[in-house]
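Hello,

Here is the structure I promised to pass on. Please have a look at it first; my notes on what turned up follow below.

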Amino acid sequence: MKWWSFAIKLAPRELKKGLNTLVFLVSWEVWKHRNACVVEGVSSDVPLVLQNIANEGSLWCRAGAMGLRFLLEGAAGRRG
């Protein structure tokens with residue numbers, strides 16, 4: 001996970017916690033989808049995984065993941 005260490009070192013201090021949370025969130029959702037594919041025979045569906053990441057990320061923010069909220073709100077503010 002050299003890329004992760006490199007990304008965290010380069011990230012501004014205020015984004016590090018959110019970035020770590022985002023890596024865990026994406027890893028968790030990919031892992032769950034991979035298991036569904038292997039164990040349940042579900043077809044791979046990248047748009048579904050992305051939607052699940054967005055939905056779960058929203059729930060995590062509502063549950064108190066302030067670093068993730070800060071990261072996502074900052075990204076939304078830069079888009080428009």
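**What was found**

Start with D45, which sits in the loop between α2 (13–40) and α3 (46–62). Bear in mind throughout that this is a predicted model. D45 has 31% relative accessibility, so it counts as partly exposed.

H33 belongs to helix α2. Is H33 buried or exposed? It is buried, because its relative accessible area is 13%, and the limit for buried is under 20%. Which residues does H33 touch, leaving out those up to four places away in sequence? They are V42, S43, S44, D45, L48 and V49. V49 in turn is in contact with V30 and H33, again setting aside neighbours within four places in sequence.

**The chain as a whole**

The chain has 4 helices and 0 strands. From the N terminus the order is α-α-α-α. The C-alpha trace spans about 40 × 30 × 25 Å along its principal axes. There are 80 residues, and 24% of them count as buried. Take the contacts with a separation of 6 or more: 44% of them join residues 24 or more positions apart.

**Confidence**

The mean pLDDT of the chain is 90, and 92% of the residues score at least 70. Where is confidence lowest, and where is it highest? Helix α4 (residues 66–79) is lowest, with a mean of 80, while α3 is highest, at 96.

**The nonpolar core**

Which residues make up the largest nonpolar core? There are 6: L25, V49, I53, C61, A65 and L68. Helix α3 gives the most to this core, with 3 residues. In soluble globular proteins, nonpolar side chains tend to be buried together.

**Cysteines**

C37 is partly exposed, because its value is 23%. How many disulfides does the structure hold? The count is 0.

**Aromatic rings**

The search of the whole structure gave 2 aromatic pairs. In one of them, W3 and W4 have ring centres 6.3 Å apart and planes at 25°, so this pair is stacked. In the other, the rings of W4 and F24 have centres 5.4 Å apart and planes at 80°, so that pair is edge-to-face. The W4–F24 pair links distant parts of the chain. W4 is in helix α1 (residues 2–10), F24 is in helix α2, and they are 20 residues apart. Together, W3, W4 and F24 form one aromatic cluster.

Are W3 and W4 buried or exposed? W3 is exposed, because its relative accessible area is 53%. W4 counts as buried, because its relative accessibility is 17%.

One more ring is worth a look. R34 lies over the face of W31, at 5.2 Å from the ring centre.

Best wishes

Methods:
Residues numbered from 1 in each chain as written. Heavy atoms only, no water. Helix = DSSP H or I, 4+ residues; strand = E, 2+ residues; numbered from the N terminus. Buried < 20%, exposed > 50% of the residue type's maximum accessible area, 1.4 Å probe, protein only. pLDDT = per-residue confidence, 0-100. Disulfide = S-S within 2.5 Å. Phe/Tyr/Trp six-rings, centres within 6.5 Å; stacked < 30°, edge-to-face > 60°. Lys NZ or Arg CZ within 6 Å of the ring centre and 35° of its normal. Core = buried A, V, L, I, M, F, W, Y, C linked by side-chain atoms within 4.5 Å. Contact = heavy atoms within 4.5 Å.
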